[in-house]
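Subject: Structure handover

Hi,

Here is the structure I promised to pass on. My notes follow below it.

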Amino acid sequence: MKKVTKLEPAIPVIPERKKVAAYARVSMETERLHHSLSAQVSYYSDLIQRNPEWKYAGVYADEAISGTSVNRPEFQRMLADCEAGKIDIILAKSISRFARNAVDLLNVVRHLKELGIEVRFEKENIWTFDGKGELLITIMSSLAQEESRSISENCTWGQRKRFSDGKVTVPFKRFLGYDRGPDGNLVVNPEQAVTVRKIYQLFLEGKTPCGIATQLTREGIKSPAGRDKWNASAVKSILSNEKYKGDALLQKTFTTNFLTKKTKVNEGEIPQYYVENNHEAIIDPDTFEMVQKELARRTRGKNRHSGIYIFSGKIKCGQCGSWYGSKVWHSNDKYRKVIWQCNHKFDGDTKCKTPHLTDEELMERFVSAVNQLLEKKDSITADIELVKSRLYDITDLAAEQEQLTEELGLVAELVQQAIKENAMTALDQVEYQKHYDALTERYNNTKERLDTLTAEIDQKELTRAALTDFQKALASRQHLLTKFDEEAWYTLVDYATVYSKYDIRFTFKDGTEING
């Protein structure tokens, strides 16, 4: 009878450990970018090293690079190491982290499979070596055909090519201030440019976008769309559009779905191009920047600029500190009139005793206050020069700002180096985390100080510019007022405080307070 005897090997065969790597990516430059990327690298470093059947082959990490392309340095290095036989398994958080372009993803996965390398997508729980992986390949093949058609759309390609070449186009029929020139570029429309400059001037004088829109409508000036009525959003768009200072930011929005034509604001998903000195400016750069800072200031603070009436948001109650609002008396009969009173006059148990005032009373007291101001114009101008030189000089602050900016760049580089080292070397993750935390704390402290300093510089520059404008407005007044002047109201007064009928103090934009 045949007999079979099993012969045990003299030396036990130890299964070779799989060489495992991971790929991590963050796609957008944000304040949390370094933290997010570091967290991914640490997670995979720890995961691989804790598995006794795996051998650490590194973590490949790309930052601030879109997944729509495989032209990523760390991704390419990983593929090269795969070719060199240094990797058996690749771990990835999800398909979208690995790549969002179905065509390239399909090609890469198939090529890795030919090399005997498996890719595991954690979120989708897909391993390219099992049945699901084969199904994934099939699905991606069908998607690839549709994506290829989308990518080949000549319109999309042509538009983005024009952007990359710095060619500026705008909807000229709905864009105030410019016409299409012979070469297709922007050429100033002199008549419309007057309106654009007026909008910027009125805003810096204190009017709101809503107030400016009301005035333009009242004066019969056509909107950018050629309509008789303006709205605040159209005014704000003009105030914030860099094209009016001669520059152009291209690809502010992009199409997210070629079927629905849905668009979204470009927040870093695709490249943008900033073209300087592309065309003749209507607004000088200094004025434009001043307006941007004022827009930001009004957004941050309590918005008291209603823009409906000239006195809106300009009259303060001397008792409770609230703002006066307009009220209509006898709205439906011949005795109709508008009065101003404290918005909280009848709130709570304690009623404000400050009086109500009519437009005529406020105008009369304003004329008196301005004439007192004009009588000491020379001394006030000299005082403003002294204040600007002593209180609003930013030389030292600017020097510190430059140092902090350099420090921030240095620390950011150190963070990147630490992440890269942790990705390429099997480090003690506890020690690495301590080092990383120290760097991020240093980065955050520097950034916090830089943000505070920048805000302080912006505020000083804004105040200095406002004082300079006040000086110019004051210098342009050669005679005392004989009646209420709306331009003088907007250019000279910050607000008025009402204490009584006979005590209305006007605070001018240089800080001077005068009882009218």
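A disulfide here is a pair of cysteine sulfur atoms within 2.5 Å. By that rule the count is 0 disulfides. Cys342 is in no disulfide either: its nearest cysteine sulfur, that of Cys320, is 3.5 Å away. Cys317 counts as buried, at 1% relative accessibility. Cys342 counts as buried too, at 2%. (Buried means under 20% relative accessible area, exposed over 50%, partly exposed in between, with a 1.4 Å probe and protein chains only.)

Some ground rules. This is a predicted model, where local features need pLDDT of at least 70, side-chain atom pairs count only at pLDDT 80 or more, and totals for chains, interfaces and linings use all residues. Residues are numbered from 1 along each chain as its sequence is written, and side-chain values use heavy atoms, with hydrogens and water left out.

Next, the cores. A nonpolar core is a set of buried Ala, Val, Leu, Ile, Met, Phe, Trp, Tyr and Cys residues joined through side-chain atoms within 4.5 Å. The largest has 35 residues. Phe366, Trp489 and Phe508 touch the most other members. Helix α11 (359-375) is one of the elements that give two or more residues to this core.

Phe366 has contacts beyond its neighbours within four places in sequence, among them Leu481, Trp489 and Phe506. Contact means heavy atoms within 4.5 Å.

Thr446 sits in helix α14. At 8% relative accessibility, Thr446 is buried. Leaving aside neighbours within four places in sequence, Thr446 is in contact with Leu404, Glu407 and Leu408.

Last, a sheet. Five strands form an open sheet in the order β2-β1-β3-β4-β5, with mixed pairing. Two strands pair if DSSP finds at least two bridges between them. The edge strands, β2 (54-63) and β5 (126-127), each pair on one side only. Strand β4 (residues 118-121) runs antiparallel to β5, joined by 2 bridges. Phe121 stands opposite Ile126 in β5.

Best wishes

How values were computed:
Helices (H or I, at least four residues) and strands (E, at least two) are DSSP runs, numbered from the N terminus.
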